[in-house]
Amino acid sequence: MRYIGAAVPRLEDKRYVTGRGLYVDDISLPKMLHAAVLRSSYAHARILKIDKSKALALKGVVAVYTAEDLGHLNGPLPPSVSPLPQYPIPYMKTHYALAKDKVRYVGEPVAFVVAENRYVAKDALELIEVEYQPLQPVVDVEKAIQPDSPLVHEDVPNNIAAKHVIKVGDTSSAAHADLVVNERFVFNRGAGVSIETRGVVASYEQKTGQLTIWDSTQGPIPIRNTLAKHFGIPLHLVRVVAPDVGGGFGPKIMLFYPEEILTTFASIKTGRPVKWVEDRREYMVAANQERIQVHYVSAAFSRDGKILKLKDRFLVDTGAYTPYGIMVPIITSGTLPGPYKIPALEIEFASVYTNKTVVSPVRGAGRPDAVYVMERVMDIAADKLGIDRAEIRRRNLIQPNEFPYDTGIVYQDGGPVRYDSGNYQAVLEKLLQRIGYSSWRERKEQYRRQGRRVGLGLALYVEGSGVGPYEMARVTVTPAGRIVVATGVGSQGQGHFTTLAQIAADVLGADLNSVDVVVGDTDQMPWGIGTFASRSATIAGNAVYLAALEVKKKAAEIAAKAFEVHPDDLEFRDGKVSVRGFPEKSLSLAELAVMAHPIRGLIQREPGLEATKFFSPAQSVFGAGGHAAEVEVDVETGKIRVIRYVIVHDSGSVINPLIVEGQIIGGLSNGLGSALLEEIVHDEQGQPLTATLADYLIPSAVETPDIIETAHVETPTPLNPLGVKGVGEGGVIPVAAVIASAVQDAFDGRIIPSESPLTPSKMHRLFSENR
C-alpha cells in the first residue's frame, strides 16, 4: 500500500497507553543522587550573603553549590539563538546557572543541593540562609520603558533589549483613508504546562570520561555540543538522550536551562549520577513562558473595505533575560499581515526587560498575538463600514495566482516572509460553508428568542513553519530486513515514530511494521537541530525521504545486477524487489542487505544498504487556515461556552490525516486555554499569583466544544520534495481571535474585546463599560 497520505493509527501509542514509556524520572542508576534548587523568593534583589553551613550539616546532604563554587561555569550562559543580522540585539542578556550578585525574578536559581534522596534535598533548601537586599521590581511592561522606571539590568537604558522598525510599501499612502481603526490590544502571559515537567539525569564515568545525559529537552544535539564545550569533554564522549518526553510546547527547546549545567557539574564533582526533576510549582515560575504583548494599532481602510495601511507599535515583555533573543517579536511581525494584501506596513517593536520569568516560544510563538491583532482589526472595520465580516476578508485576500507572494518582511530564519503557495479563497469559502455562515442570521435570531447571547466568530491566519537550517536522517536496511530510521528530532508526542516510518516504508515498498524509528539520541544521529517551529515533517521528514530514495537506488542497483536487468525494470513491493511482470524473480530487502556487504570478494560500490542525507530548506514554508465558532456568553456569570468549532487547514501535502487532525485539535485545546482561562498574573512586587494549577486554569473536557469539525485544503509547497508544510501550531494560532470575534457578534458590536483571555471577570468589566 501507499503509506504517504494514509490515515495510519500511531505506532507508538500502544507503548504509551500500556505504561511502557520511558521518561527522565524513570531513569534509575546505581548510587544515584538527587538534587533540588533553591530559588529566589524576590523578583528583584541583591544577594548580600549565603550561608549553607546548616544545609551541609543535614544528614544525607552530599553537596551544596552556590555561584562561587561553579568558577568559570557561572558566566552568562550561551544564548539559544544568535541574533540575526537584520535584527541585532544591542542589550542581549543571558542568565546564569546560579544567581551571582543579584536575582531578577521569582524562581531564579540561587543554590543547588545534592543529597542521597529527593526528600533530604528538599529539606536542605529550607536550611540555606540567604540575606537579600530587596530592590524595586519592574513588573508592568508599559511602565518599564518610562524614564523613571527602575532598571532590571543597570546598563540597559529604559529596559529595552532591542527595538526595530519594519517598513514596507509607501507608508504615506493612506492619507485620504475613509476609516482609521485605532486600538490597543493586550495578549496574556501564559505557560506551556506540559504534563511532564522538566528533568535531567547526568552520569559522568570518571574512568572513561564518558558523560551521559538524559534530558526532557526538544534539542538534545545542541545540548550535547555546548556541554562538551563548557566542560572541556571531547564531543564523542558526550551522549545526550531525550527519552520519551511528556509534552514540550516550546519551553523545552530552551538552551540552556541552569539545571542542565548544574546536574552535569554535580555528577562530575561527586563521581555519582545526579537526578533533578522539577515539581509543578517550580515549572510555573522557572520554566520559560510566553505570550504577553501590548499592541497599539492604527489601520486605514477605504470605504469599500480595502485595507490601505497597517501600523502596529508593540511591546513584548521578555522577562529578566533574553537567551532566546527577540525571536518572538520577529515571528509576530512576520505573521501580522496574514492572508491579506496590505499595500503599506509599518511595524515597530520593542523587547522589554521585566522582573519576571524568561520568555521564549510557547506553542504558537508570537503568532496568536499577531493574528489576534489583524483579525480584531478586520472585525472592527467591518462593523464600522457596515460590511459583512466574511466579505471584508474576501476583498483583501491574496489571490491564488499571486504566489509566491512576498510580504517584504524578514522572518525568524533570516529569509523572506514569502508565501510559497496557498489558496486562501478556498480556505475561507470552505470555512463559511462548514460553519453554515449563510444561515447564521436565522440561527442567531433563534438563540435570541430563547434568551441566549450567542455569536459567531471567525479568523484567518498564515502559519510560517519548517524553519532551517537543516536536519539529517539515516536510513538503514539491516540483514534481518528491518528498516531503521534515525534522526535528530526528538518526539514529545507528535507522532514521529509513525510519520517518519510511513515515509521510509512508502519509498521502499515495505510493511510499516518493519520500520524502527530512533529519535532523540545523539549516539544514533550526531547532527541536527531539534523539534520546534512545526519543522519535524517538513525538514526531518524530507531528509528521511531523500535518504530512503538513496537506499532504494542502492538496492535497485544490486538487484539489477543479480537479475541482469535495468534498475528501471524493477519494482519495490511487500518488502521485496522484483522484476516488473515477473514476480517470481525477486529478492527481499533482507537478502539485498546481506548482498550489500559481503564478507569476502571485491565490490565496486559503497557497502551496506544505508544512506545518510540532510535537508536544508531555501526558506520557511507557509501554511494557512481558518477557524470559526459559535460561542455563548452567560450575561449573569460572564462565562463563555464554545458550542461548536470548525477548523479548515492547509498544511500542504498530508502525510497522515489522523496525526494532522490530532495536532489541530490538540492545538485548539491550547488555544482555548489562552482565549478563556490561562493567564500568569503578578502582583506589584513581581510575585506570581498563579503558580499552581488551582490558580492557573487549563482547559478540561468541560471547556472543550462538544462539536469539533476539521477539513483540509491542500496546496503542496514547491520548496520540498514531499510538498509538506507544518501543522503543529495551526490549531492554537487564531483561537483567541475567534472567541473575541464571536463575543463581538453576540453583542452586535456593542462590546469589542481587546484583551485575552476573556475570563468571567474581564467579561463583567466589559459589561460594565458598555451599559
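Which residues does phenylalanine 301 touch, not counting residues up to four places away in sequence? A few notes on that and other spots, bearing in mind that this is a predicted model.

1. Phenylalanine 301 and its neighbours. Leaving aside residues up to four places away in sequence, Phe301 touches Ala177, Asp178, Leu179 and Val181, then Lys306, Ile307 and Leu308, and finally Val377, Met378, Ala381, Leu385 and Ile392. Keep Met378, Ala381, Leu385 and Ile392 in mind, as those names come back when we get to the helices.

2. The nonpolar cores. Phe301 is among the residues with the most contacts inside the largest nonpolar core, together with Leu310, Tyr419, Ile640, Ile739 and Val743. That core has 125 residues, and its largest share, 10 residues, comes from helix α10. There is also a second, separate core, this one of 48 residues, with Val485, Ala501, Leu512 and Leu587 among its members. As background, nonpolar side chains in soluble globular proteins tend to be buried together.

3. Helix α10 against helix α11. Here α10 is residues 367-385 and α11 is residues 389-396; they pack at an angle of about 115 degrees, with 9 Å between their axes. That makes the two helices roughly perpendicular. Their crossing is right-handed. On the α10 side the contact uses Glu375, Met378, Asp379, Ala381, Ala382 and Leu385, and α11 brings Arg389, Ile392, Arg393 and Asn396. Sorted by class, this contact comes out as 5 nonpolar, 1 polar and 4 charged residues.

4. Helix α15 against helix α16. For α15 (residues 536-563) and α16 (residues 589-596), the packing angle is about 90 degrees and the axes are 10 Å apart. So this pair, too, counts as roughly perpendicular. Ala555, Ile558, Ala559 and Ala562 of α15 make the contact with Leu592, Met595 and Ala596 of α16. What does the class count look like for the contact of α15 with α16? It has 7 nonpolar residues, with no polar and no charged ones.

5. Helix α14 against helix α15. Helix α15 also packs with α14 (residues 496-508), at an angle of about 30 degrees and with the axes 9 Å apart. Since angles under 35 degrees count as roughly parallel, α14 is roughly parallel to α15. The crossing is right-handed. From α14, the residues involved are His496, Leu500, Ile503, Ala504, Val507 and Leu508. They meet Ser536, Ala540, Gly541, Val544, Tyr545, Ala548, Leu549, Val551 and Lys552 in α15.

6. Two cis peptide bonds. Most peptide bonds are trans, which makes these worth a look when you set up any backbone checks. Proline 469 sits in the loop between β18 (453-465) and β19 (471-477). Another cis bond runs from serine 756 to proline 757, again with omega near 5 degrees. Proline 757 belongs to the loop between β29 (755-756) and α19 (760-769).

7. Most residues other than glycine have a negative phi. Asparagine 158 has a positive one, near 55 degrees. Its place is the loop between α5 (141-144) and β7 (160-168), and with a relative accessibility of 32% it counts as partly exposed. For valine 193, phi is also positive, at about 50 degrees. This valine is in the loop between β8 (179-187) and β9 (199-205). Is valine 193 buried or exposed? At 13% relative accessible area, valine 193 is buried.

8. Histidine 164. This residue is in strand β7 and is buried, with a relative accessible area of 12%. Not counting residues up to four places away in sequence, histidine 164 touches Gln86, Tyr87 and Pro88, along with Ile326, Ile347, Glu348 and Phe349. How far apart are histidine 164 and histidine 236 in sequence and in space? The two histidines are 72 residues apart along the sequence and 41 Å apart in space, C-alpha to C-alpha.

Definitions and conventions
Residues numbered from 1 in each chain as written. Predicted model: local features only at pLDDT ≥ 70, side-chain atom pairs only at ≥ 80, totals over all residues. Heavy atoms only, no water. Axes fitted to C-alpha atoms, helices over the stretch in contact; angles between N-to-C directions. Helix = DSSP H or I, 4+ residues; strand = E, 2+ residues; numbered from the N terminus. Parallel < 35°, antiparallel > 145°, perpendicular 65-115°, else oblique. Left-handed = near helix turned anticlockwise from the far one by under 90°. Contact = heavy atoms within 4.5 Å. Nonpolar A, V, L, I, M, F, W, Y, C, P; charged D, E, K, R; others polar. Core = buried A, V, L, I, M, F, W, Y, C linked by side-chain atoms within 4.5 Å. Buried < 20%, exposed > 50% of the residue type's maximum accessible area, 1.4 Å probe, protein only.
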